Structures are given as C-alpha cells and as structure tokens.
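Work through these exercises with the sequence and the model side by side. Try each task before reading its solution.

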Amino acid sequence: MSKVKFTREEALAFHLEPTPGKWEVQATVPMTTQRDLSLAYSPGVAVPCEDIAANPELAYDYTNKGNLVAVISNGTAVLGLGNLGALGSKPVMEGKSVLFKRFADVNSIDIELDTEDPDAFCEAVKLMGPTFGGINLEDIKAPECFIIEQRLKEEMDIPVFHDDQHGTAVICAAGLINALHISGKKIEDVKIVLNGAGAAGIACIELLKSMGARHENCIVCDTKGVIYQGRTEGMNQWKSAHAVATDLRTLEDAMRGADVFLGVSAKGAVTQQMVTDMAENPVIFAMANPDPEITPEEAHEVRPDAIVATGRSDYPNQVNNVLGFPYLFRGALDIHARAINDEMKIACAEALAELAREDVPDEVGLAYGKTLSFGRDYIIPTPFDPRLIWRIPPAVAKAGMDTGAARRPIVDMDGYTERLKGRMDPTTPILRSINNRARAAQARMIFAEGDDPRVLRAAVTYQRSGFGKALVVGREADVAKKLEDAGLADAVREIEVVNAANTRHLSQYKDFLYERLQRRGMDRQDVHRLAARDRHVFGALMLAHGHGDGLVTGATRKSAHVMQLVNHVFDADAKHGAAGVTAILHKGKVVLISDTLVHEWPNEEDLATIAERGADVARHLGLEPRVAFVSFSTFGYPVSERAEKMHIAPQVLDRRGVSFEYEGEMTVDVALNEKAREAYPFQRLSGPANILVVPARHSASISVKLMQEMAGATVIGPILAGVDHSIQICSTNSTANDILNMAVLAACKVG
C-alpha cells in the first residue's frame with residue numbers, strides 16, 4: 001500500500017473548512033417551541049437538578065456524563081513533535097475526540113491545560129470530575145505522566161487512562177498473545193527485550209508482567225543500555241521497578257536468544273545482526289513512529305520466520321491505539337465504571353486477540369483489497385473491522401463487573417451486544433471500504449475536464465492519496481497556470497497532462513469513432529471535431545483504448561449532454577441496460593435511488609433492469625440488496641394507471657429469477673419503516689429497503705435533491721452502472737471532494 005501524500009496547504013485546508021476545527025456541538029432534544037425551552041432550561045431543568053443533588057448516580061440518567069470523555073493534555077509530548085505547549089496540541093486533541101466518536105460513539109471534548117506543573121494539572125482535572133464519565137490523558141511527557149495518572153486515579157472516582165501508555169500496551173499485548181500462539185511459546189517462558197523506557201514502554205512491560213511474563217525474563221533498555229540492578233545513571237523509580245540482576249549491558253547483548261523484541265524507541269535502533277541473534281520464530285514489535293526500529297523487509301531478509309508488527313498502516317500487523325481506547329472507554333462508561341483496571345485492559349487484549357483468530361468478514365477483506373486470515377501477517381484485527389464495537393466493549397464491561405469496578409452492572413449482556421451493533425454508522429465502513437479498494441486497484445484515472453480548477457484539485461488529491469495515476473485532459477500551460485492559482489504549483493510535475501493536440505493516438509481514436517458514427521450522420525470532419533476538440537469524447541476514447549482504467553467527467557456540462565457525448569464512444573444508454581444509481585447517506589442509513597441519470601420514463605422491463613443495476617451497486621458497496629418499487633400507492637391502492645408499471649415490475653423480476661430481495665409497489669414509508677410494513681404481513685422484504693426504484697427520472701431527481709437540501713444528506717452519484725467500462729459522471733455543482741469520490745468509485749469499478 002503506497003504512502004498517502006499531502007501538502008501543508010491541504011492539511012491546513014482540512015482543518016479550516018467547512019468550519020475551523022474538527023467537531024461541533026449539536027442538541028439532542030427539540031429546541032423549537034417555548035415549551036421545549038422551558039423543559040431544557042428554566043424552570044423544567046430544576047427537577048433533574050434536585051434529583052441528582054439527592055442521588056448523584058442519577059447524573060448518568062439525566063445528563064450526558066455517562067457518554068462523555070475529556071481528552072486532556074498540556075502538550076509536553078505531542079506525537080513525534082515534542083513540547084508544543086497546550087495550544088499547539090489542540091489539533092491533536094480535537095482529532096482524538098473525533099476518533100472516540102467515530103469508532104465507539106463516545107462523545108468527547110478536548111481540554112488543553114496551560115501548565116507543566118503536575119500539581120496544578122491534577123488539581124484542574126480533579127475539579128472537572130463531575131462533568132465527565134472518563135478522562136483520557138494524552139501527550140504528556142515522562143516522568144510527569146506517571147505522577148499525574150497515578151495521582152488522578154487515586155483521587156477521582158471515574159476512569160483515568162493515559163492512552164500513550166496503556167493504549168499501546170493493550171494492542172501490543174493482543175498481538176503478542178497471537179504471535180506466541182503461532183510460534184507455540186508461552187508468555188511465562190519467553191525472554192522479552194524492551195527498548196524504550198518511556199511512558200508506552202513501561203506500560204507495555206507492566207501489562208505483560210501482569211499477564212504472566214516473568215520479571216527475570218524481561219530486559220528493559222533505554223538510550224544508556226540495559227537497566228540492571230545497581231545502575232544509577234539516568235534512572236527513576238519507574239525504571240528501577242524493572243531493573244534485573246544481569247551482566248548484560250547493551251541492547252545487542254540483550255537481543256541474543258531473545259524471543260520477543262518490543263520497540264518504542266527510535267528509527268534504526270535494531271540491526272539485522274540483532275535479529276539474526278534472536279531465538280527461533282522471533283517476535284518483533286518495532287513500534288517507533290513514523291519509522292520503525294527495523295522495517296519488516298529488513299527483518300524478514302535475515303529471518304523469514306520472524307513475526308513483525310509496526311505502528312504503521314502501510315505494513316501488516318499495525319499496533320494502532322484506535323483498536324483499544326474507544327472500546328475500553330465504551331465498556332467502562334456503559335457500566336459507569338470507577339476505573340479502568342488491569343483486568344479490563346487484559347480482557348480488551350484477549351478479546352482483540354480472539355477476534356483476529358476468527359474468520360474475517362468479506363466486507364473487511366473487500367475494504368483492504370485482499371483476503372485476510374489469521375497468520376504471521378494478521379495477528380491483530382484491522383481498525384475498520386465492524387465487529388470491534390460489539391465484541392470488545394462487552395469483554396471490558398464483564399471484566400469491570402467481575403472486579404467490582406462497575407457502579408451499574410449490565411444485566412442483559414446479549415441485549416447490550418445488540419445495542420452496540422446499532423451504535424455504529426454503517427456509512428463510514430462503506431466509504432472506507434471504497435477508499436481502500438481504490439488504493440489497492442491503483443487505477444489510472446482520466447479526468448476529462450482539466451480546464452476546471454475543481455477537477456484539477458480532485459486529480460491532485462487522487463494521486464497524492466495513493467489511489468493511482470491521475471491523467472488530466474487539457475493544455476499543459478493552462479493546467480500549470482490553474483494549479484498555480486489554486487496553490488498547487490508543485491503538483492504540475494506529479495500529474496500527467498494529456499493534450500489531444502499532441503497525442504500520437506489521435507488517428508487511431510478517429511478511425512474507431514468514424515467506424516461507430518459513420519451511419520449516424522457523421523462524416524470525417526465531424527468525427528475530427530469530436531475527437532480532437534471535445535474533452536468528454538477524447539477522455540472516453542482514451543478509456544476505450546485502454547489508455548486509462550476509469551473516466552470521470554461531467555463537472556462542467558449538464559449530465560444529459562455528457563451522456564450523449566459518452567454514447568458516441570460507448571453503449572451507455574437505456575437500450576443497452578445502463579442506469580444511474582445515487583447513494584444517499586443520512587443519519588447512519590444508506591439508501592440507493594435509481595434511475596437518476598439514464599431513463600426518462602422507464603417501462604416495467606426497464607424498471608426490472610434498473611433494480612438489477614441497483615443491486616449490483618449495493619453489492620459493490622458491501623450491502624445486501626433489498627429493492628422496493630416505490631410509488632404513491634401500496635399493493636394496488638389507490639388504483640392508478642401511472643402506478644401500474646411499478647406493480648408489474650416485480651413480476652418481471654419473478655420471471656428473471658434474480659438472487660436478491662424485492663417487493664412492490666409501495667409508498668416510501670412502507671419501504672423504509674418497520675412499523676408501517678407490519679400492516680402488510682405478506683410482503684417479502686426481510687428488513688427496510690436499501691434500494692428504491694422510482695417511477696421516473698424526474699421523481700428520482702426531486703427525491704435526491706430534496707434530501708440533500710432539506711436534510712443535509714451526503715449524496716454520492718449518480719453512479720453509472722451497466723456499462724462495460726468504468727465511467728462516472730459528476731453533476732455541475734460538484735465540489736472537488738465530490739469529484740474525488742466519483743473517481744474513487746470509478747477506480748473500484750462500482751456499477
């Protein structure tokens with residue numbers, strides 16, 4: 001997987017638009033009428049206030065405390081950037097807050113404290129205790145982080161968790177459980193070498209010892225070598241706790257015969273000779289970021305039997321904290337925990353390890369563009385495995401209940417698991433899956449409208465995001481000028497500009513086009529004008545001749561006109577079974593609407609074909625298709641000849657013997673609402689429809705645009721389906737990001 005590239009300008013724009021920062025606050029109750037305001041604030045709010053004052057536990061029922069975590073830092077050890085101070089750390093802490101929401105539906109607020117004094121820091125956090133259900137400490141330098149966390153754990157009655165320490169430790173432990181499982185070794189027998197005695201390193205070794213690793217088998221090293229009993233230089237009480245009686249003095253000495261290496265130190269700290277000196281089936285967790293102590297390639301070159309993990313997403317076995325902290329807090333919050341203890345951390349590690357040993361769902365493999373199965377290159381689950389949310393928190397919650405950390409134990413664990421399944425937004429894994437598949441495909445993407453700045457920005461982002469090569473149709477000087485105006489002057493050398501005026505393929509393109517159009521009233525001169533001067537046609541010709549893998553066009557011309565032009569080169573019309581499918585993503589739901597592009601007024605046969613195209617797109621997106629033919633009538637009432645074709649279309653699918661669920665005709669509420677559907681017990685859908693086939697293109701267009709404007713839904717498409725080549729047509733009001741999404745869909749060959 002290629003490394004994602006972005007410029008300073010892109011990173012700054014991401015944080016600036018659409019509004020400064022990365023999160024906002026939204027009300028969860030109605031706030032429209034005077035009565036709403038009276039209940040939300042004075043006088044209605046007095047009732048829960050008095051109840052909570054009498055019984056503090058009720059704060060978890062009547063306020064957001066039970067699903068609110070503070071991400072708190074003083075900015076003294078920001079990522080790999082060092083001491084940036086409190087304000088300099090804010091973008092990172094905002095980022096951590098949105099990760100809590102994205103992965104475990106935990107609400108989170110970032111708080112930056114402007115002090116390096118541990119006493120002042122602890123006092124500030126302690127005073128904020130009533131607000132939150134948990135405290136996530138972040139990016140505080142050692143040894144202050146140890147002092148702060150220990151003191152706050154003692155003084156507060158909610159979980160306090162320094163993720164730089166324990167997050168890394170938990171994922172590391174999960175990976176080690178499986179690495180030892182593969183190599184047939186036991187944790188109590190292995191010799192472990194840790195390099196890096198900072199916050200994360202100390203936490204890793206402490207957790208492994210609490211899981212059964214023997215003190216005398218664990219050698220800890222720092223920049224001055226082995227931490228041995230009697231050493232005085234560069235020591236503190238946390239290092240001293242892990243000093244052993246040994247003659248070993250250097251990392252090289254320690255690595256001889258070692259079974260496990262854990263690195264939270266610096267790039268290049270481990271040599272190939274050290275790896276050679278390790279025991280059989282060595283386990284190497286080179287977790288230094290951004291560059292590991294030794295790369296997997298270097299380690300495997302000398303030891304093919306090594307099991308290697310790093311902190312990077314472009315290598316297998318990523319030790320990624322996002323596998324731990326969201327789910328630890330989810331489980332802890334849901335039992336109103338007083339703390340996150342070792343047993344809860346071990347339960348998290350064991351649940352992660354167990355998940356990696358199970359069959360991986362198809363949609364996860366699809367998302368990563370490869371088949372994943374338990375083995376040397378897959379010992380830790382991927383961060384985008386949808387099972388994490390309902391497998392890890394129950395294990396954490398159960399451990400918390402078993403150890404007395406729970407204020408309110410969960411009685412129905414099966415019901416809790418089911419509720420967790422419903423917490424996650426299914427749209428995010430879909431978008432992630434498409435992005436990863438596009439990255440794996442490495443498609444050469446033709447951007448036909450190189451005269452438009454939005455298209456150019458999308459093309460540059462496509463290439464810099466590691467999706468593949470961007471081929472821009474345009475004039476070199478014009479493209480260079482527009483990129484410079486957009487602040488992307490350095491991208492001129494990266495993308496490839498294709499100009500019809502100087503391509504060597506033009507005569508080949510014209511012969512092909514003349515062959516197709518000579519009996520449609522076009523002479524050689526007409527064909528020359530189309531091929532040499534129309535970018536939509538030229539881009540389509542490039543695609544038809546294999547000079548690109550996908551085509552994105554339509555941002556500068558009406559889609560009906562662009563479809564006409566594309567049809568000069570391809571059979572992309574209603575007669576040949578093409579259809580437009582638009583995906584609407586809103587409030588955790590995904591619904592596809594079709595046809596939004598090709599058929600003006602489809603008949604029942606067309607509608608059945610449109611349903612099949614919708615099902616193809618749904619499956620490409622990882623959805624199990626459920627089609628509803630929608631109308632203003634439901635199963636024949638009210639009677640209308642305009643609804644008749646919607647009634648007959650399912651019968652056409654009956655004849656065709658398709659392999660997906662379908663039903664109709666029905667109104668939209670019956671299609672999407674479980675309660676409304678109960679009135680028709682004979683209907684065949686097993687759940688809410690996710691594909692709505694509408695009577696005509698005008699009703700499709702109205703539905704999509706109404707959802708977009710009134711509800712703020714995310715709209716992707718229309719996705720052109722049923723054409724032999726991968727072509728996506730944008731709308732004229734597309735943003736650069738919309739155009740990029742269409743390019744990614746084209747790269748995945750969706751439809």
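**Exercise 1. Find which residues Leu483 is in contact with, leaving aside its neighbours within four places in sequence.**

Solution. Start with the setting: Leu483 is found in helix α22 (residues 476–485). Helices (H or I, at least four residues) and strands (E, at least two) are DSSP runs, numbered from the N terminus. Next, apply the contact rule: heavy atoms within 4.5 Å. Leaving aside neighbours within four places in sequence, Leu483 touches Leu456, Val460, Leu488, Ala489, Ala491, Val492 and Ile495. Then check burial. Leu483 is buried, with a relative accessible area of 1%. Buried means under 20% relative accessible area, exposed over 50%, partly exposed in between (1.4 Å probe, protein chains only). Finally, take a distance: Leu483 and Arg35 are 54 Å apart in space, C-alpha to C-alpha, and 448 residues apart in sequence.

A note on the source: this is a predicted model, where local features need pLDDT of at least 70, side-chain atom pairs count only at pLDDT 80 or more, and totals for chains, interfaces and linings use all residues. Residues are numbered from 1 along each chain as its sequence is written, and side-chain values use heavy atoms, with hydrogens and water left out.

**Exercise 2. Give the strand order of the open sheet formed by four strands.**

Solution. The order is β2-β1-β3-β4, and the pairing is parallel. Two strands pair if DSSP finds at least two bridges between them. The edge strands, each pairing on one side only, are β2 (107–112) and β4 (160–162). Neighbouring strands of this sheet are turned by 25 degrees against each other on average, direction ignored. Now look at one pair. Strand β1 (residues 68–73) is joined to β2 by six bridges, and the two run parallel. Val69 has Ser108 as its bridge partner in β2. Axes are lines fitted to C-alpha atoms, for helices over the stretch in contact, and angles run from 0 to 180 degrees between N-to-C directions.

**Exercise 3. Which residues have the most contacts inside the largest nonpolar core?**

Solution. A nonpolar core is a set of buried Ala, Val, Leu, Ile, Met, Phe, Trp, Tyr and Cys residues joined through side-chain atoms within 4.5 Å. The largest has 97 residues, and Ile135 and Leu262 have the most contacts inside it. Helix α9 (residues 163–183) gives the most to this core, with nine residues. Now follow Leu262. Not counting residues up to four places away in sequence, Leu262 touches residues including Cys172, Val193, Cys204, Leu208 and Phe285. A second, separate core of 61 residues includes Leu592, Met646, Cys730 and Ala746.

**Exercise 4. At what angle do helix α24 and helix α25 pack?**

Solution. Two packed helices are described by the angle between their axes and the distance between the axes. For α24 (residues 524–533) and α25 (residues 535–544), the angle is about 80 degrees and the axes are 5 Å apart. That makes α24 roughly perpendicular to α25 (65 to 115 degrees). Leu530, Ala531 and Arg533 in α24 meet Arg535, Val537, Phe538 and Leu541 in α25.

**Exercise 5. Where does Asn317, with its positive phi, lie?**

Solution. Asn317 has a phi of about 55 degrees although it is not a glycine. Asn317 is found in the loop between β10 and α15 (325–334). At 5% relative accessibility, Asn317 counts as buried.

Key
Parallel < 35°, antiparallel > 145°, perpendicular 65-115°, else oblique.
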